[in-house]
Amino acid sequence: MNTKQEPLDKIVDVEIYHVSLEQKTPYLGPLIDNEKASTLGYFVREANRTVYALKNHSLVIRVLTENGIEGWGETYGLIAHNATASVIRDLFKGFIVGRNPLDVVTIYEDLYDLMRVRGYFGGFYHDALAAVDIALWDIFGKTVNQPIAQLLGGARNKKIPAYISGLPEADIEKRCELAVSWQKKGFDTFKFALPMASEGMYEEFRLLREALGNDASIACDMHWSKSPGETIELINEVRKFKPWFFEAPIKPEDVNGLRQVSKKSSSQIAVGEEWRTVYEAKARIDHQACQIIQPEMAHTGITQFMRIAMYAQAHNLVVIPHATIGSGIFLAASLQVSATLQNVISHEFQHSIFPEFKHYISSDMICESGYYHVPTMDGIGVNPTDEMKKNMTLL
Ligand code: MG
C-alpha cells in the first residue's frame with residue numbers, strides 16, 4: 001500500500017531579476033591612483049587585485065507555488081550576474097517546478113549533487129543555489145505562518161549587535177569623522193578596509209583609536225592582500241591599539257599560511273566570507289587556522305549557513321556573519337538564522353547600503369543604536385516594495 005501523501009503545494013514558476021542598487025560612491029570608497037573603470041563598468045582595486053563594480057547590483061528571485069505563495073530569495077549579483085541567473089533559469093528551474101516547496105533541504109541537496117562530480121560546488125553555481133534555498137525557506141515560513149527563526153528552533157535573540165563596516169572616505173580625517181558620527185548614533189564596533197587605509201594599517205589604527213576612545217572595538221579587513229609573514233609582522237606591530245580582529249589576511253586558498261598566521265599573531269583571525277559550504281569551513285577549522293567564522297548568506301543560503309555555524313559552534317568558535325551588497329532580502333535571512341544561534345556575537349552592518357535602500361523592502365527589520373532588530377514577519381521577514389519592483393529587470 002502506498003502511504004505517501006500528495007504534497008499540499010507545488011512549485012509552479014521561478015523568476016529571476018536583476019536589481020539595480022545605484023550609488024554615487026563605489027563600494028569601499030572612491031577610485032584611487034590608477035584605478036579606472038572598464039567599458040563594462042568594472043574596476044580593479046590595486047591593493048587586492050580584485051574586481052568591483054561602479055554601480056551596485058543584486059540578483060533576486062521569486063518562486064511561486066500553486067497555492068499562490070511567493071518566496072523571495074537573493075544572491076550575490078555584483079559581478080557577471082547573468083552567469084548566476086543562467087544556472088537558475090537554464091538548469092535549476094527544470095528540476096524544481098512541480099516539487100513540494102517544503103522539501104527545502106532535500107531540494108538543496110538534490111541541486112547540489114547535480115554537478116558536484118564536475119567540480120561545480122562553489123562560485124556562481126552555489127550562489128544560484130543560495131538564492132533558491134532562501135526563497136524556499138521563505139515559502140516554508142509563509143506556509144506555516146512563522147518566521148524562519150521559529151522553523152530553525154526558535155529565536156534566541158530579538159536583537160543582534162551590529163558593527164559598522166567600512167569607512168568609505170578618501171582621507172583619514174574624514175574616515176575618523178565618519179566613525180565618530182556612527183559612535184554618536186550608538187555604535188561602538190567598527191571595521192576598516194586595509195586597501196583604503198591611505199596611511200597604512202598602523203596610522204589607521206592609531207588615529208581611529210584616538211578618535212573613538214578605549215572602549216570601541218576596531219577590526220581590520222585585510223582583503224587577502226598580504227603574505228603570511230607580512231601579516232604576522234603587521235598584526236604584532238599594532239598590538240598596542242588593541243585590535244578586535246583581522247579579517248581575510250592572506251590569499252584564501254592558502255590554508256597552511258592561514259594556520260601559521262593564526263598561531264603566530266597576537267590577535268584573532270576572522271575568515272569565511274567567500275565560503276559556500278561547510279567543507280570549506282572544515283578545511284580551516286580542522287587546521288585551527290581561524291578564531292572567528294564569517295558566513296555570508298548571499299553565498300551560502302540558509303541551509304549551508306546553518307551547517308557552517310553549527311560546525312563552528314562544535315569547535316567553540318564564534319560567528320560574526322558577513323553581509324555583502326544586497327537589497328535586504330538575504331540580510332533578513334542572515335538575521336533569521338543568526339537569531340537562533342548561540343555563538344553569534346555580532347553581525348556586519350553595511351551602513352552605506354542598507355539605510356540607502358530601506359525603501360526597497362517592507363519589513364520591521366532595522367539597524368539602530370548598535371543593534372539589528374530581527375524581522376518578525378512570516379518567512380524571511382521582508383518583501384520587496386513597489387519601489388524595488390520598479391528597479392527589477394526580469395532576466
Ligand atoms: Mg571582508
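Predicted model: local features only at pLDDT ≥ 70, side-chain atom pairs only at ≥ 80, totals over all residues.
Is E273 buried or exposed? At 13% relative accessibility, E273 counts as buried, because the cut-off for that class is under 20%. Good morning, colleagues.

The magnesium ion is coordinated by D221 through OD, and by E247 and E273 through OE, at 2.0 to 2.2 Å. Along the chain, these donors follow the spacing D-x25-E-x25-E. E247 lies in strand β9, residues 245-247, whereas E273 lies in the loop between β10 (268-271) and α9 (278-285), so the pair ties together parts that are 26 residues apart in sequence. E247 also counts as buried, because its relative accessibility is 0%.

Let me turn to a helix pair. Two packed helices are described by the angle between their axes and the distance between the axes. For helix α7, residues 228-237, and helix α8, residues 255-264, the angle is about 20° and the axes are 9 Å apart. Angles under 35 degrees count as roughly parallel, and α7 and α8 are therefore roughly parallel to each other. Their crossing is right-handed. On the α7 side the contact is made by P228, T231, I232 and N236, and on the α8 side by G257, Q260, V261 and K264.

My next subject is the open sheet. Four strands form this sheet in the order β5-β4-β1-β18, with antiparallel pairing. The edges are β5 (70-76) and β18 (392-394), each of which pairs on one side only. On average, and with direction ignored, neighbouring strands of the sheet are turned by 30° against each other. Within the sheet, β4, residues 56-65, is joined to β5 by 7 bridges, and the two run antiparallel.

Finally, I come to a hairpin. Strand β2, residues 42-45, and strand β3, residues 50-53, run antiparallel and are joined by 4 bridges. Between β2 and β3 there are 4 residues, and R49 in the turn has a positive phi of about 55°. R45 stands opposite T50 in β3. Which residues of β2 form its covered face? They are F43 and R45, while Y42 and V44 make up the uncovered face.

That concludes my presentation.

How values were computed:
Residues numbered from 1 in each chain as written. Heavy atoms only, no water. Buried < 20%, exposed > 50% of the residue type's maximum accessible area, 1.4 Å probe, protein only. Pairing = 2+ DSSP bridges. Donors = N, O, S within 2.8 Å, 3.2 Å for Na, K, Ca; no water. Axes fitted to C-alpha atoms, helices over the stretch in contact; angles between N-to-C directions. Parallel < 35°, antiparallel > 145°, perpendicular 65-115°, else oblique. Left-handed = near helix turned anticlockwise from the far one by under 90°. Contact = heavy atoms within 4.5 Å.
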